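I open my notebook here.

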Amino acid sequence: MPAVTSDSGEVNSLSIVPHSLETQTLRVYPLRTRTAPPFWRVSISWGRGSTLRVSLLQPGGAESDGEVVEVNLTNTERGEISEAERQRIAHGSVTPFALLQSRKNQMDELHSADFESAEDKAPLWVHLMEYSNEIKSLLGTSKSYITPTIEDPKALLEDVEEPTSLKAAWELVEMFYADKQSQTWIPERLLDWLADFDCLLSATQPTVHARLVAFQKALVTIQEVENDPEYWEIMSSALGIGWLDIVVKMLRLHGSYQLDQVGTREIESGLVEAVAVLISQMPRLRPHISDEKLGECYNTKPEFMKAWEKWRTQLTKLDCHPFWLQCDHKQTRVGLKNMIQIMLGNANVISNATYHWIELYISHLLYIRPFTVGLESMYTLAQKCMHLKPITNRHKLMGLLIGILEENTEVVLAECSRSFGPWMITHAAELLTAGSAQAEMLLHEEQSKIGGICIEELHRLIYAQILSSHALTWNIAPIYLTSCMKQGLGLLENLLYKQPVQQHQVLSESIEICRLNGIDYVSRHMMKIAGVHYWKHGEKNSAVYWLQQAQDEVRLNRIAKHLFDLVGKSVSDESFKQWEGMIDLLGTESKTAGGLEFLKKYRDFRRSLQQVQDGITTDDARKASEALISLMRNPSTPQQFWLRLLNDSLELLNWKDRPLFNVSQTKLLLNKLQELSLARLLPGYVDADLPPEAFKSVRLALASNLGRAILEE
Amino acid sequence: MDKSILVLDKGTRCTAWNYSGERLVAGLIDGSLAIYDSTDPASSNFTCTHRFKGLEAHNGSIVKVVWAPPEYGDAVACISEDGNLSLWEEIVDDTEGPHWKMCKCFDRNTSQVLDVQFGYGQTSLKLVAAYSDGRVKIHELLDTLELEKWQLQAEFQNVIDLVSKFGNVSCISASISWNPERIEVRQSSFVLGFNSNTPSLNSAKVWEFDLDHQRWLPVAELSLPEDKGDQVSSVAWAPNIGRPYELIAVATQKGISIWQLRSNPDHDGRLSVHRVALLSGHENEVWEMEWDMSGMTLATTGSDGVVRLWQSNLNGAWHEQAVLAPPS
């Protein structure tokens with residue numbers, strides 16, 4: 001079998017996402033089961049979404065029983081983000097996503113209506129950044145990992161919640177694609193990014209952050225810090241990647257600052273401070289900087305260049321100053337000089353001070369190529385840095401960053417989906433399409449090979465399918481599906497058809513989803529299932545209710561027929577009560593079935609007849625007689641019940657006080673009886689379950705009523 | 001990633017999940033059926049709630065169980081080892097709480113039923129059964145609320161040339177898969193293949209109901225000219241959420257073929273078919289194939305005891321995406 005067993009902790013390629021750049025190594029996932037081969041049979045069934053249920057059946061005589069294993073094919077990045085966290089992110093990202101879609105739609109409409117970008121409308125990238133900020137806030141706190149606290153001079157790093165790679169990846173995509181304002185100061189943004197996420201890279205590779213953490217632990221036990229070579233090394237490293245505040249803070253730990261040293265180490269202290277001041281005054285090509293960070297910001301390149309030249313001159317001047325000769329403390333002299341070399345852009349020193357290629361890269365951008373703007377030749381530099389600091393175990397963030405730097409959209413897309421999962425690619429696609437024409441084309445081009453949808457839609461479908469795997473997230477899948485132009489509705493239908501309609505909440509949520517999306521035929525289907533379920537499980541009233549909601553005339557008619565059978569078989573009061581409620585329900589929409597009208601009238605007739613038997617007043621009797629006439633006049637009253645109705649009304653026909661039916665009414669009833677007597681001769685006639693003399697009694701009663709009516713008139 | 005959700009009774013021979021994945025029916029070696037339900041809708045732990053003996057008159061194992069579409073109730077069709085086909089449903093009546101009763105046992109004469117499948121979404125429920133003598137019977141439900149009353153709607157052999165009739169046919173297995181399309185106006189269609197001693201019956205054919213002439217017609221044959229006699233072990237029609245063509249997987253001993261079927265009939269009424277992939281993986285027989293709800297991923301099992309997942313990449317090339325292997 002040409003397969004390798006999965007060995008790494010990452011299971012994400014099991015998420016069933018098609019790529020175009022396949023490095024096809026087939027992966028084998030061992031199922032954790034109690035049962036072992038040989039199997040009599042392995043049976044499969046897809047559940048909702050991307051869950052697969054595998055039945056492992058044992059051969060006859062096997063020791064153990066068989067079992068069913070449920071495999072969730074969507075778990076990506078196991079470990080970093082818990083299931084609960086994933087669901088929180090999934091729910092939280094719905095609103096920003098939906099809002100962005102509606103804004104985009106609005107803009108499209110405006111555009112097509114030839115309103116050339118109305119002035120009061122914000123441009124797309126403003127909406128995009130709003131969206132991106134909301135998503136970012138979902139992914140964790142934005143507090144920088146290396147912010148020093150003021151209280152404890154020896155606390156270099158603040159304890160903050162460990163950031164996730166997902167957030168790091170999101171910020172990369174935002175920085176390079178969505179944030180139009182940061183395009184001019186990408187190197188500085190990358191520097192901020194590394195400050196937040198260097199800790200993530202420590203997992204696979206030595207980093208400045210990791211060394212800083214280790215040094216922080218050791219710091220409490222170190223007496224004269226300036227004698228420790230690690231102190232100087234780490235300061236150089238931190239300076240190399242632009243963590244100026246940390247460097248200055250560390251410099252202030254220098255022994256020459258101690259009060260008792262003032263008299264003896266003035267020169268030393270002066271040099272340390274001079275370097276610290278120059279570090280704090282480093283010109284930065286960025287519009288603003290947070291308060292705790294150091295450096296002087298310049299918004300435009302010419303201003304920055306001018307300040308840079310001046311700063312460099314000061315550095316060179318300091319470097320050549322005669323004071324150095326008077327500095328007796330060797331470590332301080334060498335250490336400070338080394339730091340000046342970094343700031344002067346000495347490539348060798350920089351290379352020695354940094355560990356990870358991305359750190360070296362930042363260093364290069366800061367000190368060797370400070371005027372880099374935009375993405376110009378950034379990839380060549382990255383390649384050079386990677387060559388200088390080769391990596392054995394590449395972090396997934398680096399794959400994404402390299403893809404971005406080499407401006408290879410296919411790689412970026414593949415990395416987004418492969419390493420960070422369907423959530424990431426679905427949501428990040430918004431930023432990608434807005435920021436790169438190539439990405440826009442790649443994501444929106446219809447692919448005939450995958451059924452005519454575009455890649456953006458494909459990823460949304462896959463993400464929606466994953467959402468629908470879970471009972472707590474299935475109801476947000478429709479938001480993503482309705483944003484799919486071609487196949488979203490089809491998948492939404494299939495998703496709804498698999499919902500357990502017996503669960504009332506699921507049914508009502510589904511009906512609402514159908515209503516919002518104009519797919520009433522799906523909700524009708526679901527209500528039909530509910531109706532039949534209740535019908536078969538003895539809850540007749542619920543059954544009728546749901547079948548009516550489903551407008552299922554076939555089944556309602558069938559139920560009406562069932563009720564007719566009841567009418568024909570017995571009219572005892574007990575059974576009448578049983579189906580009285582159902583007639584009420586059926587009768588509310590008399591259009592649903594022709595026969596129902598009859599049933600409703602019959603119900604009224606029965607009620608008044610009951611009152612006649614209870615109270616015996618002529619008024620009640622008159623009402624009952626009117627009900628009988630109305631029933632007998634109605635063409636929908638089945639012939640098979642005529643005799644039953646008349647027989648039930650014998651008391652009315654023989655009413656003592658006065659005849660209740662006038663001549664024409666009695667004639668109508670006689671005609672019906674006549675018709676019935678003819679029909680009885682035809683084959684297929686169903687005789688009512690009545691005593692044989694019933695026909696005769698009715699006829700007699702009618703004749704006598706007619707006689708009395710004629711006399712009265 | 002994976003968890004055990006259910007322990008099956010000893011001697012289970014086949015299983016099937018209902019439409020929502022909330023119920024499992026299992027057929028057992030002693031001819032009983034077992035129903036498993038989830039104890040709580042939020043959890044996915046299942047326990048056996050009903051177990052009852054199948055047909056009294058026929059002993060032997062249950063070899064196949066299939067759920068009826070849910071709009072006809074909670075009902076299953078089951079085939080026993082001796083080839084009997086019966087229909088069971090769960091009801092509540094005046095005398096008893098939820099219980100299962102047999103509502104229909106189909107006549108079988110001499111030949112055995114090999115496979116059975118319910119159609120979706122038609123105004124009347126249809127049941128297609130494939131028999132060991134190579135015949136196909138389509139039964140139609142007469143009353144939407146009663147699963148007792150069926151009538152035979154059609155009977156034919158799985159051949160393209162409707163005139164030819166074959167005798168002395170012996171089939172080992174058959175596989176049927178309905179077009180999962182639910183929209184009621186569409187003509188119903190299904191695909192069917194046999195594993196038999198008669199080459200012309202074997203190849204998978206797509207049958208469609210011709211409303212005008214009220215008869216079933218073979219509209220496509222899913223095999224290359226040189227493979228026509230190949231015995232088919234399994235077929236699976238993919239859900240179509242908006243592709244301009246249908247996808248059908250057909251498994252023979254040569255591998256799993258993925259066919260594209262387009263709905264543009266030629267002058268003979270045949271639909272154009274195109275094999276887009278021949279996949280090999282399972283060493284011998286393919287047991288089962290099932291498409292996911294988007295029709296993008298095909299899951300298969302076979303006599304090598306593993307589950308394989310197949311997918312097309314963005315270039316339309318089909319490949320094996322992953323293997324799920326029980327511990328050996």
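How many residues of chain A are in contact with how many residues of chain B? I note first that this is a predicted model. I looked up the contacts: 92 residues of chain A touch 77 residues of chain B.

Next, the area. Chain A and chain B bury about 7800 Å² between them. Carbon and sulfur atoms carry 57% of that. I44(A), W46(A) and K536(A) supply 10% of the area that chain A buries against chain B, more than any other three residues.

Then I turned to polar links. I found 35 residue pairs in polar contact across the interface, both at pLDDT 80 or more. The elements that give two or more residues to chain A's side include β3 (41-46), β4 (51-57) and α22 (520-536). The largest share, 7 residues, comes from α22(A). I also counted 5 salt bridges across the interface. One pair I looked up is R48(A) with E22(B), where the closest N and O atoms are 2.8 Å apart.

On chain B I checked the record. I looked at residues 279-311 of chain B: the span is 55% strand and 0% helix. Its end C-alpha atoms lie 11 Å apart.

Last, the cysteines. How many disulfides are there over all chains? I found 0. C320(A) is exposed, at 59% relative accessible area. C484(A) is buried, at 7%. Its closest cysteine sulfur, in C454(A), is 8.1 Å away, so that pair is also too far apart for a bond.

Key
Residues numbered from 1 in each chain as written. Chains lettered and ligands numbered in written order. Predicted model: local features only at pLDDT ≥ 70, side-chain atom pairs only at ≥ 80, totals over all residues. Heavy atoms only, no water. Disulfide = S-S within 2.5 Å. Buried < 20%, exposed > 50% of the residue type's maximum accessible area, 1.4 Å probe, protein only. Helix = DSSP H or I, 4+ residues; strand = E, 2+ residues; numbered from the N terminus. Contact = heavy atoms within 4.5 Å. Buried area = accessible area lost by both parts, 1.4 Å probe. Salt bridge = Lys/Arg side-chain N within 4 Å of Asp/Glu carboxyl O. Polar contact = N/O pair within 3.5 Å; in protein donor to acceptor, adjacent residues only side chain to side chain.
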